[in-house]
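Please open the model in a viewer and keep the sequence panel at hand.

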Amino acid sequence: MRIVSFFNPKIRLFVEGRNKTFDTLRRSIADEDKIIWVHTASLGEYEQGLPILKELRSKYPGQKILLTFFSPSGYEIKKDNAEADAVVYMPMDTRSNVKQFLQLAHPSLVIFIKYEIWPNFLDALGKCNIPTLLVSAIFNEKQVFFKWYGKFMKQALENFTHIFVQDKTSLQLLEQIGISSASVSGDTRFDRVNEILERENQLGFMESFKGNQLCVVAGSTWPEDETIITGFINTSKGKEKFVIAPHKMNPKSLEKLVSSIDKKTVLYSELASKNIADFEVLIIDTIGLLTKVYSYADIAYVGGGFATGLHNTLEPAVFGIPVIIGPQYDSFKEAKELVELQGISVIRDGEQFSETLEALFAHPEKRQQQGAVNHRYIRSNQGATATVINYITELI
């Protein structure tokens, strides 16, 4: 990885950031500090764990919160403004790294979010009798834990004090391999997106851009998504407004996206010198705005379903609007359930995308019906955070 880092900027961040981990811990944590350590893989898992972080901050003000990330895409965005007292990269899972990390951090409680299973860390935490929780976990029978050759990883799971899973299927799978310290709590992301609904989401530029027109917001899009979206935009005869928030925002990708659109298009970064109401397409070329932008959507498209994996469908769904996605969503529990409930529409090509949008444009009652399904679904799945916090209260 050190060799590859010379040629890959993301891997370079991955390597260089880890070189600073132990020095940061020495500066940030004193021997007498009481530490709650929360580990997340990346930005998505951070958002998933954020309701718990906030509750811990409120409930245990005398303890410091240490937050670790595995991926640069989480650490680089949240290193300066996360809900934590110290933010570092999690070192690689070697025995020497684990020993040094735990000596410096000396946590009294550890919380891993969703998929993070690191055998050496978990083995050491178990031997030290440090309470360790896995939160919002979800399992399927294809995972290594449930294979005949997965004994090593199964043993890693056994080191968790308790595992909070999202559904009964996950609980049954754990029971089949003899893990009984587990329970169904649901997914903390539902609590997180409900917080988004209750906060101030007003954006002046979106009010000026949208005006009185219908607005379609396409979030976290990849080139495969953008080909379909721009194809519709270029042939549409209506007056609808379109917002595209690409997942990749490097200059080359943005230039290619803008050049593919025939209608009047503006970048968010150009708004200071433009009259935004004159434009038909707005491209969000910055991070941190998408969830608020969704609040202005009449219809949302969530990207990734044609490419690397579907992005967060709950963020637009919480605003009570219909959501459209690509065909690759089977690994996402909430998407599968909302497709079955008909709150989410699945498209497989540009023609289906056009038909779906035109039907939603023409029938406001259909938009309202699908949106209501999404809103009810999120409301009915809240409460995971309270379940976890109640367990922690009895634990420490």
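A salt bridge is here a side-chain nitrogen of Lys or Arg within 4 Å of a carboxyl oxygen of Asp or Glu. The model is a predicted one.

Select Asp-298 and Lys-210 to begin: they form a salt bridge whose closest N and O atoms are 3.2 Å apart. This pair links distant parts of the chain, with Asp-298 in the loop between helix H13 (290-294) and strand S12 (299-302) and Lys-210 in helix H10 (residues 204-210), 88 residues apart. Lys-210 is buried, at 17% relative accessible area.

Next, colour domain 1 (9-186) and domain 2 (197-381) separately. Their C-alpha centres lie 32 Å apart.

Now select Arg-192 and Glu-47, whose side chains meet in a salt bridge (2.6 Å, N to O). Arg-192 belongs to helix H9 (residues 189-198) and Glu-47 to helix H3 (residues 43-59), so the pair ties together parts that are 145 residues apart in sequence. Arg-192 counts as buried at 12% relative accessibility, and Glu-47 is buried at 18%. Salt bridges with shared partners join Glu-47, Lys-54, Arg-192 and Glu-195 into one network.

Move on to strand S2 (residues 64-69), which pairs with S3 in the parallel sense over four bridges. Thr-68 stands opposite Val-88 in S3. Together with helix H4 (residues 72-78), S2 and S3 make a right-handed β-α-β unit. Both faces of S3 (residues 86-89) are covered: Ala-86 and Val-88 are buried on one side, Val-87 and Tyr-89 on the other.

Finally, show the surface of Val-144, Trp-148 and Tyr-149, which make a nonpolar patch of about 420 Å².

Methods:
Residues are numbered from 1 along each chain as its sequence is written. This is a predicted model: local features need pLDDT of at least 70, side-chain atom pairs count only at pLDDT 80 or more; totals for chains, interfaces and linings use all residues. Side-chain values use heavy atoms; hydrogens and water are left out. Domain bounds come from an automatic or database domain assignment. Buried means under 20% relative accessible area, exposed over 50%, partly exposed in between (1.4 Å probe, protein chains only). Helices (H or I, at least four residues) and strands (E, at least two) are DSSP runs, numbered from the N terminus. Two strands pair if DSSP finds at least two bridges between them. A crossover is right-handed if, with the strands pointing away from the viewer, the path from the first strand over the helix to the second runs clockwise. Patches are made of residues with over 30% relative accessible area and no salt bridge: like charges are joined within 9 Å, nonpolar side chains (Val, Leu, Ile, Met, Phe, Trp, Tyr) within 5 Å. Accessible areas come from the Shrake-Rupley method with a 1.4 Å probe; for residues, only the protein chains shown count as cover.
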